[in-house]
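Hi,

Here is the structure I promised to pass on. Have a look first, and my notes follow below.

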Amino acid sequence: MKRSNRLQNRAIKLCPLSNNPATQHNPTIHDLPEYLQKRIVLEACESKQVSGNCWVWQTSISGSGYGRVDWNGRRYRMAHKVVYELLVGKIPAGYEVDHLCSNRPCVNPHHLEAVTRTENLRRSHTVGSGNGTLTHCRRGHEFTDKNTYAWRGKRICRTCIAMHQKAYNQRKARILVGVNHHPLGSDLFSGNGDYSAT
Ligand SMILES: [Zn+2]
Ligand SMILES: [Zn+2]
């Protein structure tokens with residue numbers, strides 16, 4: 001009995017839009033204005049709760065992992081809400097937009113569902129795909145808005161980038177010092193600029 005309930009729920013979840021008379025037109029990415037379209041990359045969805053690719057937001061990701069966009073004269077709007085309103089309809093007052101695919105940078109309206117806050121909290125997808133649901137990077141730096149950099153729909157930790165950059169610069173400085181004392185001297189760096197052979 002429990003199992004059949006679960007199956008039934010899952011069938012409904014497969015595409016919340018198919019149950020919505022306002023969205024029988026089955027929106028695609030091409031229904032979006034070009035300004036939004038070119039900020040999205042389709043990626044295979046790891047969730048079995050939904051069908052179709054994730055529409056992964058690229059250009060700006062908030063510290064909490066959602067896509068951000070300046071839209072309609074307003075800065076830093078949640079990209080998935082903007083897409084939802086354009087392709088599905090207005091988000092009812094008191095409702096939040098839940099990611100059925102658990103991939104926060106995803107803006108595919110088929111993977112989104114407007115639910116009450118209580119329902120959203122109840123679901124709280126803790127097992128996420130992608131890094132959308134993590135609060136900290138692998139080294140434990142927090143994904144705040146200031147410390148987060150968007151790259152291909154993933155969040156990158158700025159503190160880690162700075163660490164890598166510093167280590168790289170130090171390595172490079174050591175190599176350059178070494179070359180000055182090398183019998184071949186700066187010859188290594190003349191020519192076609194290909195250092196890989198040395
Ligand atoms: Zn998705
Ligand atoms: Zn980090």
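Is V69 buried or exposed? V69 counts as buried, because there are 22 C-beta neighbours inside 10 Å. The cut-offs behind that word: a residue is buried if 20 or more other C-beta atoms lie within 10 Å of its own, exposed if 12 or fewer, and partly exposed in between, with C-beta atoms placed from the backbone.

Before the rest, some housekeeping. This is a predicted model, in which local features need pLDDT of at least 70 and side-chain atom pairs count only at pLDDT 80 or more, while totals for chains, interfaces and linings use all residues. Residues are numbered from 1 along each chain as its sequence is written, and chains are lettered from A and ligands numbered from 1 in the order in which they are written.

**Overall layout**

The chain has five helices and eight strands; these are DSSP runs numbered from the N terminus, with helices being H or I of at least four residues and strands being E of at least two. Going along the sequence, you get α-α-β-β-β-β-α-β-β-α-β-β-α. Of the 198 residues in the chain, 25% are buried. If you take the contacts with a separation of 6 or more, 50% of them are between residues 24 or more positions apart. Contact here means that the C-beta atoms of two residues, placed from the backbone, lie within 7 Å.

**Back to V69**

V69 sits in strand β3. Setting aside neighbours within four places in sequence, V69 is in contact with L36, R39, S60, R77, A79 and V82. The C-alpha atoms of V69 and W57 are 9.4 Å apart, and these two residues are 12 apart along the chain.

**The core and α3**

The largest nonpolar core has 25 residues, and A79, V83 and V107 are the ones that touch the most other members. By nonpolar core I mean a set of buried Ala, Val, Leu, Ile, Met, Phe, Trp, Tyr and Cys residues joined through C-beta atoms within 7 Å. Two or more residues each come from β2 (54-57), α3 (79-87) and β6 (112-116), and α3 gives the most, with five. As for V107, leaving out residues up to four places away in sequence, V107 touches I40, W55, W57, G67, A79, H80 and V83.

The buried residues of α3 are A79, H80, V82, V83, Y84 and L87. They pack against α2 (34-37), β2, β3, β4, β5 (95-99) and β6. After α3 comes G89, with a positive phi near 150 degrees.

On the β6 side, have a look at L112, which is in that strand. L112 counts as buried because there are 25 C-beta neighbours inside 10 Å. Beyond neighbours within four places in sequence, L112 contacts H80, Y84, V97, D98 and H99. The C-alpha atoms of L112 and E96, 16 residues apart along the chain, are separated by 9.9 Å.

P92 is in the loop between α3 and β5. P92 counts as exposed because there are 9 C-beta neighbours inside 10 Å. The C-alpha atoms of P92 and T116 are 9.1 Å apart, with 24 residues separating the two along the chain.

Strands β7 (residues 148-151) and β8 run antiparallel and are joined by four bridges; two strands pair if DSSP finds at least two bridges between them. T148 has C157 in β8 as its bridge partner. Two residues lie between the strands of this hairpin, and R152 in the turn has a positive phi of about 50 degrees.

In a regular strand the side chains alternate between the two faces of the sheet.

**Backbone angles to check**

Which other residues have a positive phi although they are not glycines? N72 has one of about 55 degrees, and Y76 has one of about 50 degrees. N72 is in the loop between β3 (68-71) and β4 (74-78), whereas Y76 is in strand β4. Both count as exposed, because N72 has 8 C-beta neighbours inside 10 Å and Y76 has 12.

Cheers
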